[in-house]
Amino acid sequence: MNSTAPMPDASAASGGTGPGTTSSPPTRVTRRRHIPRSQQWAAWGFLAPVVIYLGAFYAYPLYRNLDLSLRNYTVRSFVQGDAPFTGLANYRKVFDDPTFMPALEHTVLFTGVSLLFQYAIGLALAVFFAQHFRLSATLRALFLVPWLLPLIVSASTWSWMLNSESGIADTALGWLGIGPVNWLTSPSWSLASVTIANIWIGIPFNLVVLYSGLQAIPASLNEAAAIDGANAWQRFWQVTFPLLRPVSAITLLLGLVYTLKVFDIIWIMTRGGPSNSSTTFATWSYRLGFGNLLPEFGPGAAVGNLLVVIALVFGLVYIRTQRKQVNP
């Protein structure tokens, strides 16, 4: 019995494509680019100063602060390094302290009100200076003075202006027939006083960043909106403000991180008083760690770590929001 084997298709044998065959796309072979060792060492050489700086001034202080908050440090054990490990006892002590809730409320109020007014006034000034009138550059430079002054000078100046006996604020109120206000010594006004001073100091930063953001917006967009019949208010809210959102987000984030850690302004003006009426987490942490004859390093470090966690949470929220805008 003779059997015949099927003959292979000529097109398949020759590698061509016939009417009944499909060709698979060629496989792309990717080869990793070989970087010379000299270039690798050069790259690490440029990276080394940054890594050393971040490790010495960021990673190590954070580690030491975390270690302080988890041990029962005294002055003796702080020098000798034999503090016993206590776990979360310092955090429980901070949460149970009667100063915790007032300090938290003051921190939220001080930060929120400062950010709101700094951003609103800074944005209004940025829009104003974007008109490019005469003396615009000179006035912008003058508005930078509060930002360029050392904080101790600014805080001391505000302490003098708000002084109950010889301050210019009460003198001006007296001309208007209003009695003196105990700006720095009254529990009702101390937090408002330090907040006003902090707003004044932070306005120039918002002005500079938001003004730069306005310069990056093409003028043709506002011109097109004006041709379509939009007035100045509509052009701002529907064209300028939406395009300014990325700059606004980073401005508010940086302002939040800066305001959370404000210490020198409050300490110079009121020292967190009277009766803890202007105490925030920053001043409370300093007072626990350095403001007493018997310092409490552990609880002070725990309060400082709470500030770090709050700033980190808002930073992660910002990063997540930015990623959603880039990859919706």
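Helices here are DSSP runs of H or I with at least four residues, numbered from the N terminus. The model is predicted, so local features need pLDDT of at least 70 and side-chain atom pairs count only at pLDDT 80 or more, while totals for chains, interfaces and linings use all residues. Residues are numbered from 1 along each chain as its sequence is written, and side-chain values use heavy atoms, with hydrogens and water left out.

Pockets come first. On a 1 Å grid over the protein atoms alone, a pocket is an open set of points where a 1.4 Å probe fits, with protein on both sides within 12 Å along at least five of seven lines; a lining residue has an atom within 4 Å of a point. Points are joined across faces, edges and corners, and the volume is the space filled by probe spheres set on them. The largest pocket comes out at about 580 Å³. It is lined by 20 residues, and Asn65, Ser285, Gly300, Gly304 and Leu307 are the closest to its centre. Two or more lining residues come from each of α2 (37–69), α13 (245–260), α15 (281–290) and α16 (297–326). Of these, α16 gives the most, with seven residues. Sorted by class, the lining has 14 nonpolar, five polar and one charged residues. In this scheme Ala, Val, Leu, Ile, Met, Phe, Trp, Tyr, Cys and Pro are nonpolar, Asp, Glu, Lys and Arg are charged, and the others, Gly among them, are polar.

The second largest pocket holds about 430 Å³ of space. Its lining has 14 residues, with Val127, Ala130, Gln131, Asn222 and Thr240 the closest to the centre. Helices α10 (190–215), α11 (219–227) and α12 (232–243) each put in at least two residues, and α12 gives the most, with four. The split by class is eight nonpolar, five polar and one charged.

Next, the buried interior. A nonpolar core is a set of buried Ala, Val, Leu, Ile, Met, Phe, Trp, Tyr and Cys residues joined through side-chain atoms within 4.5 Å; buried means under 20% relative accessible area, exposed over 50%, and partly exposed in between, with a 1.4 Å probe and protein chains only. The largest such core has 17 residues, and Phe110, Trp158, Leu162, Trp183, Val194, Ile265 and Met269 have the most contacts inside it. At least two of its residues come from each of α8, α10 and α14, with α10 giving the most, four residues. Another core of 16 residues lies apart from it and includes Tyr91, Leu260, Phe281 and Trp284.

Met269 also shows up in a contact list (heavy atoms within 4.5 Å). Not counting residues up to four places away in sequence, Met269 touches Ala155, Trp158, Ser159, Leu162, Leu184, Ser193, Val194 and Ala197. Ser159 sits in α8 (151–161) and is buried, at 15% relative accessibility. With neighbours within four places set aside, Ser159 contacts Leu184, Ile268 and Met269.

Finally, the loop between α14 (264–269) and α15 contains Pro274, which is joined to Gly273 by a cis peptide bond with omega of about -5°. Arg271 is in the loop between α14 and α15 and, although not a glycine, has a positive phi of about 55°. Arg271 is exposed, with a relative accessible area of 53%. Asn276, placed in the loop between α14 and α15, also has a positive phi, near 60°, but is partly exposed at 29%.
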